[in-house]
Amino acid sequence: MATDAAPTTEGRRRNARLQCGAMTTSIFGSAVLRTEDPRFLTGAARYVDDIPAPGALRAVFVRSMMAHARLSRLDASGAARMPGVVGVYGAGDLPLRPRPPAGNVEGPFERPVLARDRVRYVGEPIALVLAETLAQAEDAAEVVEVELDPLEPVISPEGALAEGAPVLHPEAGTNLAHAFEEAWDEDVLDGAEVVARVRVRHQRLAPAPMEPNAILAVPGDGGLTVWVSTQVPFDVRDELAEWLDLPKELVRVIAPDVGGGFGSKLHVYPEYLACAAAALRLGRPVKWVETRSESMLGLNHGRAQVHDVELGATRDGRLVGLRVDILADLGAYPIAAYLPPTTRTMLPGCYVVPRVASRGRSVVTSTTPVAEYRGAGRPEATLSIERAMDVLADELGMDPVELRRRNLIPPDAFPYRTPVGSIYDTGAYERALDEALRLVGYEELRREQAERRARGERRALGVGVCCYVEVTGFSRREFGAVEVEPDGRVVVRVGTSSHGQGHETAFAQIAAWVLGVPVERVRVLHSDTAAVPRGEGTFGSRSLQVGGTAVHEAASAVLAKARAVAAHLLEAAVEDVDLLPEGRVGVRGAPERSLTWEELAAAARDPARLPGSLEPGLAAEARPSQREYTYPFGTHVSVVEVDLETGEVTILRHVSVDDCGRILNPMLVRGQVHGGTAQGLAQALYEEMLYDEWGTPLTGNLAAYAIPAATELPAYESAHTETPTDLNPLGVKGIGESATIGSTPAVHNAVVDALSHLGVRHLDLPLTPERVLRAVREAGPA
Amino acid sequence: MLPSRFEYHRAETLDEALSLLATYGEDAKVLAGGQSLIPMMKLRFAYPGHLVDVNRVPGLDGIEERDGALRIGALVRHHALETSELIRSRYPTIAAAAPQIADPLVRNLGTIGGSIAHADPAGDLASVMLALGATVVLRSSGGSRELPLREFLVDTFTTQIRPDEMLTEIVVPAAEPSSGGTYLKQERKVGDWATVGVAVALTLRDGRIARAGIGLTSVGLTNLEATEAEEALAGAEPTDEAFAEAARLAAAAAHPVSDVRGSAEYKRHVVDVYVRRGLARAREMAAA
Ligand SMILES: Cc1cc2nc3c(=O)[nH]c(=O)nc-3n(C[C@H](O)[C@H](O)[C@H](O)COP(=O)(O)OP(=O)(O)OC[C@H]3O[C@@H](n4cnc5c(N)ncnc54)[C@H](O)[C@@H]3O)c2cc1C
């Protein structure tokens, strides 16, 4: 078990140790400082907007101000005459095929690149204005004449299914884009002596990465070079090629430094296609950088599900069955309708739940499309089961921790197949729970809570526990390549796409460890389709387990080859040749019979010096596939104080024990946990994307949409247990989303817990002071 | 997010600034810290043809007590208020409010003159100045006049200022002994506009309230002075009961609207709670 240590000095010492080539220490647990950070900290990082683009036209989109309307007229003639304007394009001017809905959606829910005859959400692109300068493009965009005849909007998912609701996609004839049922007709609560019922609203969130969306498309040599702020450069390349009828080889896509994505940069946005098409047509570079206000409506939103949860148990607190009815709001275009089914796969959480019934209905509404957002489907499952557990504990008059203990999947049950078909690889759930309770001092807090209540204090104390398990490693195959260059330096190529995570450090660590070279001698190339032959990108907390494994495998192959070369040159048996502690390859126990990587690389280039069977070069590629997903888990405990007079909530402490398998670099893990916790707490207390009855966003900029900062957030107390997975050679699982998934329910439960003596059982998120106060008042005096 | 085209003038003296204002009239805007004006221009809610930058005009950044009054120059930055020894030691309402305005970046640039002239009812300083009974000094090429702040504020983003005038000074009656005050702000997060803000100032004399000032933020078309509550307190004993009654009156004087920060009903409730808490705190300070 490891608790947070002061990162810097320790990290530096470890870096130094690695630099000395003292490779006997394990690859794991080394807080190597991020090799990316010097450029971020000195302002030398390059985001799309920083890429020099001489002669680039600036793009500005004219967007819908209405949620649902007929587009009856688009007149760009005035705008086209404005100074500096080079082109104004509507749907008719850029003949781009509409985009299909997500794979699991049946029916014609197509999304036009630019709106044709109808707009379906505020912010939908209608026209593209291109001018020599940004100011000129903005001035011209203001005078593009758009006539919209309002149609009745569809604001809520409930409203989308209501009788007589306006149909957003007339060709589809329905707002229901996707549905599933599993055991829905079965009485899964049969035998329950107590049933907890709760409606959990997973409010709509805006991912709001620091860097908004952006693209620079430069035409040339019959093709395109594109810099784009994305998590999936290969997807962008493939789709640009397909939509623009270009051979893939003529499209090069580069994701330079990317200022966060959180899932919102997993899609090929209509703006990418429009800008790329315009660049090709005009033969000039086109650059588009979203404003923050555009970004709040343009980047896909997240969550937006409503769950009706029923959880049944016996009087002694044994779970009997779970029934969850999921209603998901997909926004105007169903581009990620697989999310509710993902939620389904995690519904029972970390508990033995004998029977689970579920139903999912996913609908379109006249709002920004909803897609992946940090956790993508798993936070919804976790919040629902964890809220239901607390409601059930209340009904049973049982401590919520005790109820959890009685139902946690025991450590000897793994691999564990859940009733919804997920196969949890490894877990030690109670150990994480115990550790979190120990760190927070659970019993002591319960005592203090009782004392405060007895004294009738205005500031109520609440403690909330969340045990979670989640799933990571989607898209289980990934590309990795390792090459030792003639000067002994190592180049790693990988198909994942770091956008803040620190892969350049993590993957360098892996190659450095396998090859016995200092981290500084390893360069990691990624996110450039010309530098890396193929890849999937970064999402779903997959990168270390699939990308890292690919790098590990490729590096191991390089080492194997190096051993063969060394054995040949040193006239030794391969079995006697190994990586020596000094970072040389040679005969074990006889360091004088060894070669440096420079010598090996030189030899490997010369066929005359190679054993007959080997190809020249010290390089290897790998594209392994992980057999199954991995299931990180943990426990978060939040301690909050609630002002009973105003409803104001203060998070006093937040303790997390996250288990992501083996930890490669504790500092990178800590970064993910801290950021993830911040976003989870933000969902609990602050964030919500709101629309008025006309479908106009009420929180379309950062003055209205509340994102907390360091000042609002507590000092994180994060610790870990390490339960390796056997699904990859590194034993690692994902950590990118765990803390987001675990933290929201902990805070949610804590605030309800603070009010539980008043009879409060549930509250909707976010827990604004007003909501909390209303609950206090409705509950009446204790 | 770029403003529409405008012409930029940098005034080196007050006279120059005033003459530019006289020349361009309605089409000109004073540029002080720019923390409200520039965002409005970028959002194209405002599109002045001429900006008169007054940041170099000397003599407008003083904080001093003179002739029984505290005089604060229009160009005094929020940061300067926050760190002024004079303010900290003698004007607790201002001292409490200044660090709660926006964030350090905004406080380094934003000015008190800009905050008050902008007349955004969500601005914090106007409530403070209402509670303290401040007046504002308005100058034009033709002369100068002084108005009580409560008359100066007319409506949201609207004041009594004429296009050729500049606000040059805020004048606050000098602090009296046995005084206390504070500023309580409910904000969703640091740097956010107030959901509700309450400024209180209290002076005790012979066991009674000599003067009470209460200013309210974000609960009306302008920053509001809770005059009925102030009057009810004047001359009364500083008891919890008197404070509760004043809080009730202040809440009744508030006219908040429902928005993403809370419903009107909730905001009124917070006014009630904060006025009570603020007065109790001010009483403690006055007694100390
Ligand atoms: C992110 C952010 C958060 C903020 N949060 C808060 C907050 O929590 N609380 C708060 O009170 N404020 C807040 N503000 C506003 C900030 O305090 C501004 O500084 C202030 O409102 C305006 O002051 P300024 O000097 O920047 O004025 P400017 O923006 O330069 O001007 C504002 C208006 O006043 C006029 N004006 C300025 N000076 C004069 C003068 N001397 N005479 C006549 N007219 C003049 C201008 O012409 C313009 O119309 C925030 C601003 C930002 C950007």
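**View 1. Helix H6(A) and helix H7(A) are oblique to each other.** Oblique applies because angles under 35 degrees count as roughly parallel, over 145 as roughly antiparallel, 65 to 115 as roughly perpendicular and the rest as oblique. H6 (residues 233-244) and H7 (residues 270-282) of chain A pack at about 55 degrees, and their axes are 10 Å apart. Helices (H or I, at least four residues) and strands (E, at least two) are DSSP runs, numbered from the N terminus; axes are lines fitted to C-alpha atoms, for helices over the stretch in contact, with angles from 0 to 180 degrees between N-to-C directions. The crossing is right-handed, the near helix being turned clockwise from the far one by less than a right angle. A:Val236, A:Leu240, A:Trp243 and A:Leu244 of H6(A) meet A:Tyr272, A:Leu273, A:Ala276, A:Ala277 and A:Leu280 of H7(A), contact meaning C-beta atoms, placed from the backbone, within 7 Å. By class, this contact has nine nonpolar, no polar and no charged residues; Ala, Val, Leu, Ile, Met, Phe, Trp, Tyr, Cys and Pro count as nonpolar, Asp, Glu, Lys and Arg as charged, and the others, Gly among them, as polar.

The model is predicted: local features need pLDDT of at least 70 and side-chain atom pairs pLDDT 80 or more, while totals for chains, interfaces and linings use all residues. Residues are numbered from 1 along each chain as its sequence is written, and chains are lettered from A and ligands numbered from 1 in written order.

**View 2. An open five-stranded sheet in chain A has the order S8-S16-S15-S14-S9, with mixed pairing.** Two strands pair if DSSP finds at least two bridges between them. S8 (176-182) and S9 (194-205) of chain A are at the edges with a single partner strand each, so one side of each lacks a neighbour in the sheet. From one strand to the next the twist averages 10 degrees. S15 (residues 319-329) and S16 (residues 355-363) of chain A pair in the parallel sense over nine bridges. A:Asp325 has A:Arg359 in S16(A) as its bridge partner. Helix H10 (residues 378-396) of chain A packs on the sheet and touches S9, S14 (302-313) and S15 of chain A, its direction making about 145 degrees with that of S9(A).

**View 3. Chain A meets chain B through 20 residues of chain A and 15 residues of chain B.** Helix H4 (134-143) and helix H19 (769-779) of chain A each supply at least two residues of the chain A side. H4(A) gives the most, with four residues. The chain A side divides into eleven nonpolar, four polar and five charged residues.

Key
Contact = placed C-beta atoms within 7 Å.
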